[in-house]
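This report describes the salt bridges, ring contacts and helix packing of one protein model. Please consult the sequence and the structure shown below while reading.

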Amino acid sequence: MKTKLDYRWHLREVMATRGMFSTTDLRPLLAERGIDLSPSQTYRLVVERPERLSLKTLMALLDILGCTMEELIEPVAAPSQRRKAVGEAGGADASIGTLRPKRARIVPE
């Protein structure tokens with residue numbers, strides 16, 4: 001079975017170690033390097049883990065913060081997600097399996 005890779009985004013922590021505690025500190029520095037992000041895009045870049053990131057933006061961040069890619073992006077193994085077999089006891093994501101209602105049979109007395 002292949003190990004799936006994931007990553008942790010450490011931009012906020014790296015910024016804090018460099019004395020940058022606000023996303024507004026980062027925006028003009030990015031603009032100096034030709035990266036024009038809106039205030040909300042800059043906020044999301046810092047606070048959330050980006051799914052897509054241009055290499056130009058990444059290089060600008062590395063230059064601004066004077067850090068390496070390893071400090072900013074930490075590769076980690078993704079948690080394995082095993083699907084439960086039909087009929088296996090489990091939580092809300094378990095298959096209906098044997099929990100289906102049975103058809104009522106009405107018989108005269």
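This is a predicted model: local features need pLDDT of at least 70, side-chain atom pairs count only at pLDDT 80 or more; totals for chains, interfaces and linings use all residues.

Residues are numbered from 1 along each chain as its sequence is written, and side-chain values use heavy atoms, with hydrogens and water left out.

**Salt bridges**

| Arg18 | Glu71 | 3.7 Å |

In the salt bridge of Arg18 with Glu71, distant parts of the chain are linked: Arg18 lies in the loop between α1 (11-17) and α2 (23-32), Glu71 belongs to helix α5 (residues 69-72), and the two are 53 residues apart. Helices (H or I, at least four residues) and strands (E, at least two) are DSSP runs, numbered from the N terminus. Arg18 is partly exposed, with a relative accessible area of 34%, and Glu71 is also partly exposed, at 36%. For these classes, buried means under 20% relative accessible area, exposed over 50%, and partly exposed in between (1.4 Å probe, protein chains only).

Salt bridges that share partners join Asp6, Arg49 and Glu51 into one network.

**Ring contacts**

Arg49 has a further contact: it lies over the face of Tyr7, at 4.4 Å from the ring centre. A charge sits over a ring if NZ of Lys or CZ of Arg is within 6 Å of the ring centre and within 35 degrees of the ring normal.

**Chain layout and helix packing**

The protein chain has five helices and two strands, and along the sequence these follow the pattern β-α-α-α-α-α-β. Buried residues account for 23% of the 109 residues in the protein chain.

Two packed helices are described by the angle between their axes and the distance between the axes. Axes are lines fitted to C-alpha atoms, for helices over the stretch in contact, and angles run from 0 to 180 degrees between N-to-C directions. The axes of α2 and helix α3 (residues 39-47) come within 9 Å and cross at roughly 110°; α2 and α3 are therefore roughly perpendicular to each other (65 to 115 degrees). The axes of α2 and α4 are 10 Å apart, and these helices pack at an angle of about 115°; α2 and α4 are therefore likewise roughly perpendicular to each other.

Lys56 is placed in helix α4 (residues 55-65) and counts as exposed, at 66% relative accessibility. Lys56 and Ile35 are 21 residues apart in sequence, and their C-alpha atoms are 7.7 Å apart in space.

Key. A salt bridge is a side-chain nitrogen of Lys or Arg within 4 Å of a carboxyl oxygen of Asp or Glu. Angles under 35 degrees count as roughly parallel, over 145 as roughly antiparallel, 65 to 115 as roughly perpendicular and the rest as oblique.
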